[in-house]
Amino acid sequence: MAVDGRLQPAATDDAELAAQLIYATMGSMADYLLGGDDASQAHRMIALLFRRPKNRYSYQYADLALVDGEVVGLLLSYPGTMMKALHFPMVKNLFAVNGFRAALRFFYRSLPLMTVKEVEADEYFINNVAVFPQFQGHGVGKLLMELAEQKARASGLQKCALTVDIENERAVGLYKHLGYQVMDTVKIKQLERRMGFSGIYRMVKILEPVSGNQHWSASAGLHKILAKPL
Ligand SMILES: CC(C)(COP(=O)(O)OP(=O)(O)OC[C@H]1O[C@@H](n2cnc3c(N)ncnc32)[C@H](O)[C@@H]1OP(=O)(O)O)[C@@H](O)C(=O)NCCC(=O)NCCS
């Protein structure tokens with residue numbers, strides 16, 4: 001039987017599944033920054049933020065990969081110029097959904113990260129990419145990364161950038177395989193001390209130019225991959 005695979009923009013109703021995927025990219029950092037050291041609270045906060053506009057985890061910047069109507073993966077991405085405008089509304093959003101203490105804690109705990117340059121103005125930023133474990137290893141992650149490239153080009157940008165936990169060997173391997181290079185290694189002593197954070201790589205890929213009349217569809221790619229059984 002033919003498999004229906006597609007990529008589509010996310011909506012607020014996707015918050016619960018999206019939160020699981022976003023959480024998978026952040027792990028203990030989500031607990032520390034958003035959950036007050038509690039995983040279920042971090043999940044809840046991510047889902048709440050996903051439902052709201054104008055923050056780094058908003059549905060507005062998310063695309064989903066679906067197989068037979070089931071969400072299997074997520075890409076959250078936006079042009080680098082938007083990042084600054086998204087960080088401070090996070091505090092406002094956290095205040096709105098979880099009160100003063102959570103907002104203040106997030107502000108205090110994210111302070112050491114504020115000096116980290118995650119993206120340049122001429123880059124398209126991949127905030128999160130994730131695939132549910134049972135669907136990993138079938139090319140969905142690669143397809144979502146290709147969608148990011150397509151969106152970068154549509155925004156008039158020729159570079160994609162991301163940050164990744166130094167210890168996330170699988171993701172680092174995938175990014176290198178796709179042509180990303182490590183531009184910086186960032187270690188943050190306070191976070192290392194407070195929550196054992198080992199640091200991040202900032203990785204960048206310079207996109208190949210495509211000719212003007214070339215039409216490319218990431219969804220077509222998903223159909224091809226799903227022709228192979230999962
Ligand atoms: C990272 C992740 C998104 C990859 O998704 P995936 O669907 O399993 O990846 P794919 O099947 O598309 O693999 C893509 C390509 O990378 C290659 N690859 C995967 N892991 C690799 C590794 N460790 N080293 C080298 N290449 C690797 C694959 O061989 C494949 O290339 P090919 O199609 O040319 O053979 C997925 O493992 C995941 O969701 N992890 C948890 C969340 C996470 O850590 N996200 C990243 C945070 S920044």
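Q: Is D37 buried, partly exposed or exposed?
A: This is a predicted model. D37 has 13 other C-beta atoms within 10 Å. A residue counts as exposed at 12 or fewer and as buried at 20 or more, with the remaining range in between, so the class of D37 is partly exposed.

Q: Where is the place of D37 in the chain, and what is its phi?
A: D37 belongs to the loop that runs between α2 (28-34) and α3 (39-51). Most residues other than glycine have a negative phi. D37 is not a glycine, yet its phi is positive, at about 70°.

Q: Which residue takes a positive phi in the hairpin of β2 and β3?
A: The hairpin leaves two residues between its strands.

Q: How many bridges join β2 and β3, and which residue is the partner of L66?
A: Strand β2 covers residues 62-67, and it pairs with β3 in the antiparallel sense. The pairing runs over six bridges. In one of them, L66 faces a partner in β3, namely V71.

Q: How many bridges join β3 and β4, and which residue is the partner of G73?
A: β3 also pairs with β4, again in the antiparallel sense. This pairing has seven bridges. The partner of G73 lies in β4 and is V131.

Q: How many residues of strand β3 are buried?
A: Strand β3 spans residues 70-79, which makes ten residues. The strand is mostly covered. The number of buried residues in β3 is seven.

Q: Which element gives the largest share of the shell around the ligand?
A: The ligand is surrounded by 20 residues, and the closest are Q136, G141, K142, A171 and G173. Two or more residues of the shell come from each of α1 (15-26), β4 (124-131), α5 (140-154) and α6 (169-177). The largest share is six residues, and it comes from α6.

Q: How many residues of the shell around the ligand are charged?
A: The shell includes eight nonpolar residues. A further nine are polar. The charged ones number three.

Q: What is the radius of gyration of the chain, and does it agree or disagree with a compact globule?
A: The C-alpha atoms fill a box of roughly 50 × 35 × 30 Å along the principal axes. A compact globule of 230 residues would have a radius of gyration near 17 Å, so the value of the chain agrees with it: 17 Å.

Q: What percentage of the contacts with a separation of 6 or more joins residues 24 or more positions apart?
A: The chain holds eight helices and seven strands, and 37% of its 230 residues are buried. Among contacts with a separation of 6 or more, the share joining residues 24 or more positions apart is 72%.

Q: Which element has the lowest mean pLDDT?
A: The chain averages a pLDDT of 90, and 95% of the residues score at least 70. Among the elements, β4 has the highest mean, 98. The lowest mean is 74, and it belongs to residues 218-226, helix α8.

Conventions. Residues numbered from 1 in each chain as written. Predicted model: local features only at pLDDT ≥ 70, side-chain atom pairs only at ≥ 80, totals over all residues. Near = placed C-beta within 6 Å. Helix = DSSP H or I, 4+ residues; strand = E, 2+ residues; numbered from the N terminus. Nonpolar A, V, L, I, M, F, W, Y, C, P; charged D, E, K, R; others polar. Pairing = 2+ DSSP bridges. pLDDT = per-residue confidence, 0-100. Rg over C-alpha atoms; globule rule 2.2 N^0.38 Å. Contact = placed C-beta atoms within 7 Å.
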